[in-house]
Amino acid sequence: MKKTKNYEEEYVKINGVEHYLLHYRTEKEAPVFLFIHGGPGQSESAIAYIVEEYASRNYNIVYYDQRGAGKTYLKNRREKPDTEILKKDLLEIVLYVKKVYQKDKVGIIGHSWGSVLGSMFALEHPEHLLCYIGCGQVINLIENERVGYSKLKDAIDRSGNKDDQKKLEKIGEYPQADTFDMNTLRKMGKVRKLQSKYHLAAGFDKNMLKMFMHSPIMGIKDILPFMTGMMVNMQVMKELMSFDLKSKGIEYQIPVYYVLGENDQQTPIELSQAYFDEITAPDKKLYLIKNAGHAAMIDNVDDYRKAVCEIVESVGRG
């Protein structure tokens, strides 16, 4: 395990694959959270420093790169995952983190695609968890895209930008239910680019690039997984197109908290709020982060971290 002043990196063999883990520790007695990144295939370990470095926290946190993402992908380039193997990996990583930190239970923070894995884990394996925190929460991907596309069209129409109206017309039917191929991927990329322009979705802009390049764990080779992540995870995307969290259940055996950017239209907050209102849990609370979109932890670091610290106080030390 490589140690530095404020974080630790390691590779752990899980289900035959070397997985990259990034630890930000505070006091030993504090609760431990596992952060599950989005994408699929888009590691967020590289920007963890923005939230965690030198921050005042009442929790330890572990970021990991999923099979087919980030530094884990660089160690295992032939791996092309599906949802089931990622679920199996997550279970083993939770068990490993519990062992390393000597905890009976840990918390999970799931962002975007990570909220799909995290929600399913919370429903299927509550015995391992203190609580579940959903950020950029995915409820139903097709509905997400329909609502997001409608908001985008309204924004472009209000702007009167003829060029962008033509770009939207060229995209054609979107989304196409229950299918994901190269044509769908190209359309999604064009929609995301326009959504980013109108501040309706997270985009890989100059500011984001700057964040990545200043990351203490990034090198030139680490850029490759961000360029290939979606291609490597095509099977996961195909499965995600038919995902509906409501069909998985609404009864949670652990506390559930949503930390959502108030301006998020990539995973529209109205869909997340509607599902959240239906669920039952020992405790639940929804936090709306001001001046934030799909990546609330980056858009408004202070309020995001304040929400997580408050959640930690409510669930205790486990």
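**Nonpolar cores**
- The largest nonpolar core holds 58 residues. Such a core is a set of buried Ala, Val, Leu, Ile, Met, Phe, Trp, Tyr and Cys residues joined through side-chain atoms within 4.5 Å.
- Leu34, Leu90, Val97, Ile108, Leu152 and Tyr258 have the most contacts inside this core.
- Val97 is in contact (heavy atoms within 4.5 Å) with Leu21, Val32, Leu34, Val62 and Val106, leaving aside neighbours within four places in sequence.
- A second, separate core has 39 residues, including Ala46, Tyr49, Ala295 and Ala296.

**Basis of the model**
- This is a predicted model: local features need pLDDT of at least 70, side-chain atom pairs count only at pLDDT 80 or more, and totals for chains, interfaces and linings use all residues.
- Residues are numbered from 1 along each chain as its sequence is written, and side-chain values use heavy atoms, with hydrogens and water left out.

**Gln195**
- Gln195 sits in helix H7 (residues 182–197); helices are DSSP runs of H or I, at least four residues, numbered from the N terminus.
- Gln195 counts as buried because its relative accessibility is 2%, and buried means under 20% relative accessible area (1.4 Å probe, protein chains only).
- Not counting residues up to four places away in sequence, Gln195 touches Gly148, Tyr149, Leu152, Leu200, Ala201 and Gln265.

**Helices H3 and H4**
- The axes of H3 (residues 83–101) and H4 (residues 113–124) come within 11 Å and cross at roughly 65 degrees. Axes are lines fitted to C-alpha atoms over the stretch in contact, and angles run from 0 to 180 degrees between N-to-C directions.
- H3 and H4 are therefore roughly perpendicular (65 to 115 degrees).
- Thr83, Leu86, Lys87, Leu90, Leu91 and Val94 of H3 meet Trp113, Leu117, Met120, Phe121 and Glu124 of H4.

How values were computed:
Buried means under 20% relative accessible area, exposed over 50%, partly exposed in between (1.4 Å probe, protein chains only). Helices (H or I, at least four residues) and strands (E, at least two) are DSSP runs, numbered from the N terminus. Angles under 35 degrees count as roughly parallel, over 145 as roughly antiparallel, 65 to 115 as roughly perpendicular and the rest as oblique.
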